[in-house]
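Here's a quick briefing to read with the model open beside you. It goes from the overall fold down to single residues.

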Amino acid sequence: MKIDLTDTTSSKINAALMDARRASGSTAAGMVLTLVIVTDEGSAYDALKAANDASREHPSRTLAVIKRAGRSPRARAETRLDAEILVGTDAGSGETVVLRMHGELAAHAQSVVLPLLLPDAPVVVWWPDNAPLNPAQDPLGALAQRRITDAVTAESPVGQLAQRAAGYTPGDTDLAWTRITGWRSMLAAALDQRDVEITGAVVEGESYNPSVELLGLWLHNRLRVQVERVVTGGPGITAVRLRTKDGDITLDRPDGLLGTLCMPGAPDRMVALKRRDTAELIAEELRRLDPDDIYAAAVRTPVDRLRERIAGVEHAGPGGTVEAHAATAAPEPDAPADAPAKSPAEDKAVEAAVAGPARVTAKLPKKAAPAAKKAAPRKRSGQ
């Protein structure tokens with residue numbers, strides 16, 4: 001059932017919800033929480049679809065807040081609330097209300113949302129994108145027990161982690177952290193099977209992926225070892241290697257679907273590590289409404305604790321200096337004898353610096369000086 005209300009109020013929306021419930025033959029609410037989604041028209045469809053799918057596990061009242069302040073002075077001066085009510089199969093296992101706030105009303109969204117919250121039920125606020133710097137101090141975030149953001153949608157995903165750490169309040173979480181639940185579970189289970197000392201760790205994954213950074217920071221916090229960050233082509237996290245004196249414990253997932261767990265002295269095992277969609281991530285976050293202390297410890301750890309390596313190029317953290325450790329390639333046959341050799345690390349360092357200057361400050365390898373006239377002859381291969 002779908003009901004459209006134009007130029008309405010919160011009390012009229014509540015009355016329409018009661019009428020729709022009676023028309024569907026159910027007078028009881030039967031919902032466990034209120035999920036407030038703060039989004040825009042471009043992201044509303046995907047966010048509502050994910051929330052409706054998650055409501056099959058957590059029946060909830062979903063309030064989608066879409067602020068339309070207006071572009072012209074006349075539109076900004078107009079104050080109007082339009083609502084779209086979905087009940088029944090169109091709203092999953094709960095109720096959905098899309099609130100479009102026009103004009104000055106967009107700056108006071110909490111006054112519209114507050115009367116629509118389910119009584120005596122937890123409130124969760126989710127920003128699919130454009131999250132505030134401090135979610136707990138946002139007028140809508142102040143109404144909630146849990147506040148969900150997604151650093152992946154930010155312009156600088158890794159830089160967003162620093163903002164999440166600076167403004168962290170118990171109850172905050174991020175979907176970048178939720179995406180690594182399977183990795184954390186598998187690695188913890190692997191270490192439970194073997195009483196070994198971890199001497200180091202390597203996390204491989206896409207550049208500028210906050211989930212990769214959070215996984216490395218979590219390993220650094222829990223194992224108290226140096227964690228190396230290796231940039232690969234993805235998708236997402238591709239591998240984690242835990243160094244031990246008996247050999248590496250490796251969890252490898254090159255295709256984003258199926259992982260392989262390799263442990264010294266044991267046969268390789270295939271594990272399910274499929275990349276999950278947003279509905280599954282939201283459903284997981286709605287299972288717990290208490291503060292996540294492990295996430296707090298990980299996100300508060302500076303990202304520069306990780307040592308990064310990009311295809312043979314290594315540096316310490318964002319903004320650090322890239323040093324090339326790859327061997328210098330031999331000159332081409334047609335090149336002059338005194339021409340400097342070309343290094344693959346040089347090209348890759350340039351690409352990394354251009355792709356993200358805030359993340360990598362490239363320092364190219366020094367070019368070899370021309371050979372002196374009286375230099376000793378170069379040894380041939382096999383000598």
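This is a predicted model: local features need pLDDT of at least 70, side-chain atom pairs count only at pLDDT 80 or more; totals for chains, interfaces and linings use all residues.

Residues are numbered from 1 along each chain as its sequence is written, and side-chain values use heavy atoms, with hydrogens and water left out.

**The chain overall**

- The protein chain has 11 helices and 17 strands; helices (H or I, at least four residues) and strands (E, at least two) are DSSP runs, numbered from the N terminus.
- Of its 383 residues, 46% count as buried, where buried means under 20% relative accessible area, exposed means over 50%, and partly exposed is in between (1.4 Å probe, protein chains only).
- Take the contacts (heavy atoms within 4.5 Å) with a separation of 6 or more: residues 24 or more positions apart account for 67% of them.

**The nonpolar cores**

- A nonpolar core here is a set of buried Ala, Val, Leu, Ile, Met, Phe, Trp, Tyr and Cys residues joined through side-chain atoms within 4.5 Å.
- In soluble globular proteins, nonpolar side chains tend to be buried together.
- The largest core has 36 residues, and Leu187, Leu215, Leu219, Val240 and Leu242 have the most contacts inside it.
- Elements that give two or more residues to this core include helix H5 (157-166), strand S9 (200-205), strand S11 (237-243) and helix H10 (293-299).
- Helix H8 (210-223) provides the largest share of this core, with six residues.
- Leucine 215 touches Ile180, Trp183, Arg184, Leu187, Val203, Ile237 and Val240, leaving aside residues up to four places away in sequence.
- There is also a second, separate core of 27 residues, with Ile13, Leu81, Ala109 and Val123 among them.

- Valine 123 sits in strand S6 and counts as buried because its relative accessibility is 5%.
- Not counting residues up to four places away in sequence, valine 123 touches Thr34, Val36, Leu117, Leu143, Ala144, Gln145 and Arg146.
- Proline 139 is in the loop between S6 and S7, and its relative accessible area of 41% makes it partly exposed.
- Proline 139 and alanine 109 are 30 residues apart in sequence, yet 8.0 Å apart in space, C-alpha to C-alpha.

**Helix H9 and its neighbours**

- Helix H9 (residues 278-285) is mostly covered, with six of its eight residues buried: Ala279, Leu281, Ile282, Ala283, Glu284 and Glu285.
- Those buried residues pack against helix H2 (41-54), strand S6 (123-126), strand S7 (146-149), strand S8 (172-174), helix H6 (175-178) and helix H7 (181-193).
- The axes of H2 and H9 come within 8 Å and cross at roughly 55°; axes are lines fitted to C-alpha atoms, for helices over the stretch in contact, and angles run from 0 to 180 degrees between N-to-C directions.
- So H2 is oblique to H9, given that angles under 35 degrees count as roughly parallel, over 145 as roughly antiparallel, 65 to 115 as roughly perpendicular and the rest as oblique.
- On the H2 side, Ala50, Asp53 and Ala54 meet Thr278, Ala279, Ile282 and Ala283 of H9.
- The residues of this contact divide into five nonpolar, one polar and one charged; Ala, Val, Leu, Ile, Met, Phe, Trp, Tyr, Cys and Pro count as nonpolar, Asp, Glu, Lys and Arg as charged, and the others, Gly among them, as polar.

**Helices H5 and H8**

- The axes of H5 and H8 come within 8 Å and cross at roughly 55°, so H5 is oblique to H8.
- Pro157, Val158 and Leu161 of H5 make the contact with Pro210, Glu213 and Leu214 of H8.
- That contact divides into five nonpolar residues, no polar and one charged.

**Backbone spots to look at**

- Glycine 234 and proline 235 are joined by a cis peptide bond, with omega about 5°.
- Proline 235 is in the loop between strand S10 (227-231) and S11.
- Aspartate 7 is not a glycine but has a positive phi of about 50°, and it is in the loop between strand S1 (2-5) and helix H1 (10-23).
- Tyrosine 208, also not a glycine, has a positive phi of about 60°.
- Tyrosine 208 lies in the loop between S9 and H8 and counts as partly exposed because its relative accessibility is 24%.
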